[in-house]
Amino acid sequence: MITLPCHVAERTADLPDELAAHLLRVRKLARKLAKRHGVDRDASELGAACHDLARHMKPEDLLKEAARLELPVHPMERRVPIMLHGPVAARWLERDGEISDPRVIESVRYHTTGKSGMSDVSRVVFLADKLEEGQAPA
């Protein structure tokens, strides 16, 4: 397992126990999937470690944070703010400046919705999150 950057470790420490446990399980699964498919294991694990850093936030707080971070908010995200947890976490990573790999940032941003043309790292994180048996609480 990789050592997490300082800001990521701090944010992870503040998460509810169930969510932190989900992140750990997704990290392990992402690493296995990446190895099996010849994808960068460290980048995949890092994306998995970061993908739900904002998942615990209340809907109104996600909307406020998106506004503070100057993120564009799609009408669907306004109706279902939990969809913003990936973009919010990705913007935190960009602003913290500890992670410069665009594949990791992309994997966090699109782990919920996916998108056409995602990197291999993003696909691994997307699948690891969906396949992880313990799934984070809704």
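Tutor: In this predicted model, the sulfur of cysteine 6 lies 13 Å from the closest cysteine sulfur, that of cysteine 50, and this is too far for a bond. Because a disulfide requires two cysteine sulfur atoms within 2.5 Å, the separation of 13 Å excludes this pair. Seen from cysteine 50, the closest cysteine sulfur is that of cysteine 6, again at 13 Å and too far for a bond. A search of the whole structure accordingly returns 0 disulfides.

Two packed helices are described by the angle between their axes and the distance between the axes.

Helix H3 spans residues 41-50 and helix H8 spans residues 120-131; the two pack at an angle of about 50 degrees, with their axes 9 Å apart. That angle makes H3 oblique to H8. The crossing of these two helices is right-handed. On the H3 side the contact is made by Ala43, Ser44, Gly47 and Ala48, and on the H8 side by Val121, Val124 and Val125. Sorted by class, the contact of H3 with H8 comprises 5 nonpolar and 2 polar residues, with no charged residues.

H3 also packs with helix H2, residues 17-37: the axes of H2 and H3 come within 8 Å and cross at roughly 155 degrees. H2 is therefore roughly antiparallel to H3, since an angle over 145 degrees counts as such. H2 passes H3 in a right-handed crossing. From H2, the contact draws on Leu23, Val26, Arg27, Ala30, Arg31, Ala34 and Lys35; from H3, it draws on Arg41, Asp42, Ser44, Glu45, Ala48 and Ala49. The residues of the contact of H2 with H3 divide into 6 nonpolar, 1 polar and 6 charged.

Arginine 41 is placed in helix H3 and, at 38% relative accessibility, counts as partly exposed. With neighbours within four places in sequence set aside, arginine 41 is in contact with Arg31, Ala34 and Lys35. Between arginine 41 and lysine 28 there are 13 residues of separation in sequence and 9.9 Å in space, taken from C-alpha to C-alpha.

The remaining pair consists of H6 and helix H7, the latter covering residues 102-109; H6 and H7 pack at an angle of about 155 degrees, and their axes are 7 Å apart. This makes H6 roughly antiparallel to H7. Gly86, Pro87, Ala89, Ala90, Arg91, Leu93 and Glu94 of H6 meet Ile105, Val108 and Arg109 of H7 in the contact. The classes represented in the contact of H6 with H7 are 6 nonpolar, 1 polar and 3 charged.

Arginine 91 is located in helix H6, residues 85-96. Its relative accessible area is 18%, and arginine 91 is therefore buried, the cut-off for that term being under 20%. Not counting residues up to four places away in sequence, arginine 91 touches Leu69, Glu70, Leu71 and Arg109. Of these, Arg109 is one of the H7 residues in the contact with H6.

Methods: Residues are numbered from 1 along each chain as its sequence is written. This is a predicted model: local features need pLDDT of at least 70, side-chain atom pairs count only at pLDDT 80 or more; totals for chains, interfaces and linings use all residues. Side-chain values use heavy atoms; hydrogens and water are left out. Axes are lines fitted to C-alpha atoms, for helices over the stretch in contact, and angles run from 0 to 180 degrees between N-to-C directions. Helices (H or I, at least four residues) and strands (E, at least two) are DSSP runs, numbered from the N terminus. Angles under 35 degrees count as roughly parallel, over 145 as roughly antiparallel, 65 to 115 as roughly perpendicular and the rest as oblique. A crossing is left-handed if the near helix is turned anticlockwise from the far one by less than a right angle, and right-handed if clockwise. Contact means heavy atoms within 4.5 Å. Ala, Val, Leu, Ile, Met, Phe, Trp, Tyr, Cys and Pro count as nonpolar, Asp, Glu, Lys and Arg as charged, and the others, Gly among them, as polar. Buried means under 20% relative accessible area, exposed over 50%, partly exposed in between (1.4 Å probe, protein chains only).
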